Amino acid sequence: MTDIDPPLAPEELAHRLTEVFALVGPLYRRVQRKVEQAAPIEGLSVGVRAVLDLLRENGPMTVPQMGRAQALSRQFVQRMVNDAAAARLVEIIPNPAHQRSSLVRLTGSGRAAILAALAREASLLRQVDGELTDADVTACVRVLGRMLEAFDHDDVD
């Protein structure tokens, strides 16, 4: 007998993944509410926060690139970019690779705001208990990553 479980049959896997969906939706909505309740600290909506974090991780990007990366419509991302630009958290700069699709770049204020938001979120996440191990988190990330890859082809526009 081996310590490694065999892969689930497709029917059983589908059933178990519905359990994951049943948790991910409420978890996302609860975290979103918690972030928005504390938003006055940085003045960020969840959408603007997502844009700022994406730019922090990847550097300047176009709106279509951000939409694809976040599986959101370009129109929604553009509204979030507009909100962030109005608050001087991002700036629009020329794109040497494409004249018609400008780049969006974090400003110093935007970098400070997203770093403060991330620090606050890390403090909240330290409250998660349950004696979780690195292997537990690795398995969770692997499962959610696979689920995301399975639907990566879906167009949001």
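Biologist: Which residue forms a salt bridge with Arg49, and how far apart are the closest N and O atoms?

Modeller: Arg49 pairs with Glu121, their closest N and O atoms being 2.7 Å apart, where a salt bridge means a side-chain nitrogen of Lys or Arg within 4 Å of a carboxyl oxygen of Asp or Glu. Arg49 lies in helix H2 (residues 46-58) and Glu121 in helix H5, so the pair ties together parts that are 72 residues apart in sequence; helices are DSSP runs of H or I with at least four residues, strands are runs of E with at least two, and both are numbered from the N terminus. This is a predicted model, in which local features need pLDDT of at least 70 and side-chain atom pairs count only at pLDDT 80 or more, while totals for chains, interfaces and linings use all residues. Residues are numbered from 1 along each chain as its sequence is written, and side-chain values use heavy atoms, with hydrogens and water left out.

Biologist: Are Arg49 and Glu121 buried or exposed?

Modeller: Both are buried, a term for under 20% relative accessible area, with exposed meaning over 50% and partly exposed in between (1.4 Å probe, protein chains only).

Biologist: Which residues of H5 are buried?

Modeller: They are Gly110, Ala113, Ile114, Ala117, Arg120 and Glu121. Seen down the axis of H5, these residues fall within an arc of 125°, so they line one face of the helix, the arc being that of the directions from the helix axis to the C-beta atoms.

Biologist: Which residues are linked with Arg49 in a network of salt bridges?

Modeller: The network joins Arg49 with Asp53, Arg56, Glu57 and Glu121. Within it, Asp53 and Arg56 have their closest N and O atoms 2.8 Å apart.
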